[in-house]
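Biologist: Before we discuss the arrangement of the chains, please display the sequence and the structure.
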There are 2 protein chains.
Amino acid sequence: MRGRGATPIAAGERFLRSRWVDPPQGVEELDPASLAPGFRAAGVPCGLKGGGRTDLGVVVCDAERVASALLLTRNASAAAPVRVCREDCDPARLRAAIVNSGNANAETGERGYRDALSMRDAAAEALALAPPSVAVAETGTIGVPLAIESVLGGIGSVVEALGERGAADFAEAIMTTDRWPKRCTVRCGGVTLSAQAKGGGMIEPGFATMLCFVQTDASLDDADGALRRAVAGSFERITVDGQMSTNDTVLLQATGDAGRPIPDGLLEAVLLQLAIEIVADGEGATRVARVAVAEAASEDEAERVARAIANSPLVKTALFGRDPNWGRIAQAAGQALAGERLEELGAHGIDAEELGSGDAEAEIAVRLGRGEAASHVYFCDLNYEYVRVNAEYMT
Amino acid sequence: MRGRGATPIAAGERFLRSRWVDPPQGVEELDPASLAPGFRAAGVPCGLKGGGRTDLGVVVCDAERVASALLLTRNASAAAPVRVCREDCDPARLRAAIVNSGNANAETGERGYRDALSMRDAAAEALALAPPSVAVAETGTIGVPLAIESVLGGIGSVVEALGERGAADFAEAIMTTDRWPKRCTVRCGGVTLSAQAKGGGMIEPGFATMLCFVQTDASLDDADGALRRAVAGSFERITVDGQMSTNDTVLLQATGDAGRPIPDGLLEAVLLQLAIEIVADGEGATRVARVAVAEAASEDEAERVARAIANSPLVKTALFGRDPNWGRIAQAAGQALAGERLEELGAHGIDAEELGSGDAEAEIAVRLGRGEAASHVYFCDLNYEYVRVNAEYMT
């Protein structure tokens, strides 16, 4: 029931290799187990996932003068750790993050909030840091109380395991059903940047959380602005199934020790590659597509049309079926512009040829003929495996 | 790969039988081949679908003083017949409609428009009616030129076949891959009402059009208002996969010969039953659910949340998997209210128990605790069959 001869996009030797990622010149990829100088990380099993699987991770900045930025889900049903981060953290001065997989601690009421807080406080104590300088993130099952004793029992050993080459263990600790870990360490323009993410594998009982942690020794005047801009071009441009998680969290930490800024485009390229891997590792995904909408009346309109196409189950099944079906794209675009006048897009307005190719990455172009604005969205196919992982697991 | 022991909802002997349909007292169901007095209909094969299948239909009102109302898709990529209806029909005085299945005549450029116009004009001539009093509707493949010679060649025989018991043939003529025809004839309060619809079966190369034709001998002071109110509670409350067609058309015609109005709730009940059957016959559908959102801050908010839940692929696969997964409902609701504050919905705010039942119809209740407004949406499950019909057909 998998795709027809498609090879899922897997992390190879080179990390920055999607056709849509344009890294700055001179980027060198380092061992992805290594962290940017000044950071340590670790991942250990604490018993949440069972089977001895790594499920508790910590990343910490040893420099006191860290600049950080934290972006959290806008979902109104935000999970307990997200509420702790919102209410009891200093987003600009985060030294560390404690993260577990196996339980999202979402829809768990006041008990869930207390659990997330005590997890965070215990990590802060073990790291000898002030609690508001430690973020907490969780991912996994929702609606199930967190086994807080397991988490608290593991904090000593994860802090003890912290090391400069702990990025690979940390990336493993945040995985749920991701088919491969998503991480990289790159050097460019005299600065080092390491990043770990996890994404849209199925999460019992059923939805994916996006987590991403980025460390650098670059100096950042405006960490929040830099992170927002990079996320706007990467994690905010992807969709697996149009579903927004209760737990999404992105943390950027910078020591400034390198005495130089991040080279233009480096953060964007790393986050975009991670974002595309999250799509490529979407539930059951066999292919990734980018739909680029041009000639829109406004950027909002271009994005609305791109998202309507990217989230259309008819387009997503066509991507799976290698079917260059431009009619479905015209329909989705027309729906997004309901009530407005649109000339027929037809063969001249839509290039959907690559939908029919066997390639792992397909580009779709739509020209609306209504103006000069443009936008784009990355998405994956919808197939039998998506139905299987989401229908056959019973809560 | 079908559902687990589910029986698709099929039209049985009694038509008005969904748990959500509340027909007025004293409704009597008549032979669904019969039409309301004063109307004749027919369906014949003209060669568009091939294999001798019925694909050309006409419905006509013999009374000159007809009151009618016509609702058309708001999709900005509207098909040629929709544009003909918009630009060259008198929606309040429609005597007849000519309809074909097998080709939607959408995204077919100026040639498509001329074809739809000549099809309509030929039908008007054969019926000896003024062209603006004849509507045209088409459903089927998009992006493929209409075989207009086949249509024109069939108009003589379909007009010749017109009869007072032609509703069943007409209902068959408008079907694409519907698994069963959707039609009924009812009598109540001294008036007769007949209706024929078709819906969300797969349409090569891939999307469903909703068509519905309603005839009555009741008198209607405000046909347009009556139709809009009934559609607001029925066809505008359903979703199969969140995709809006290029060809949707609903036509109501009334002679007034019975000298009485339509009893309260009759039109609503008939259209709701047809709408629910369209959902039940959605692509691959094995179950129908109604999600009722209450305690919203506004009706718009309630509907936004209901639609987010109804179109969530995670909720739709849970409906297929008989999984009472309230976590996915909380997530979809939270996404629809992104950026706002929402108390945890949890077990007290969400009743998703019937998702886990084996019943063909499942009710989901969501209480947002934000106000007093309510709304609801009907939807079907997402399953392997949806993927198969949409991925395995190649354009």
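Modeller: Two residues are taken to be in contact if their C-beta atoms, placed from the backbone, lie within 7 Å. Please note that this is a predicted model.

Biologist: How many residues of chain B are in contact with chain A?

Modeller: The contact joins residues of both chains, and on the side of chain A it involves 51 residues. On the side of chain B, the classes are 21 nonpolar, 20 polar and nine charged residues. The number in chain B is 50 residues.

Biologist: Which helix of chain B gives the most to the side that touches chain A?

Modeller: Helix 8 (313-320), helix 9 (326-336) and helix 11 (384-391) of chain B each supply at least two residues to that side. With eight residues, the one that gives the most is helix 9 of chain B.

Biologist: What relation holds between chain B and chain A?

Modeller: Chain B is superposed on chain A by a rotation of 180 degrees with 0.0 Å of shift along the axis, at an RMSD of 0.0 Å. Both copies use the same surface, since 100% of the contact residues of chain B recur in chain A.

Biologist: How are helix 2 and helix 3 of chain B oriented to each other?

Modeller: Helix 2 (residues 109-127) and helix 3 (residues 148-160) of chain B pack with their axes 10 Å apart, at an angle of about 20 degrees. Angles under 35 degrees count as roughly parallel. Helix 2 and helix 3 of chain B are therefore roughly parallel.

How values were computed:
Residues numbered from 1 in each chain as written. Chains lettered and ligands numbered in written order. Predicted model: local features only at pLDDT ≥ 70, side-chain atom pairs only at ≥ 80, totals over all residues. Helix = DSSP H or I, 4+ residues; strand = E, 2+ residues; numbered from the N terminus. Nonpolar A, V, L, I, M, F, W, Y, C, P; charged D, E, K, R; others polar. Axes fitted to C-alpha atoms, helices over the stretch in contact; angles between N-to-C directions. Parallel < 35°, antiparallel > 145°, perpendicular 65-115°, else oblique. Least-squares fit on C-alpha atoms with pLDDT ≥ 70 in both.
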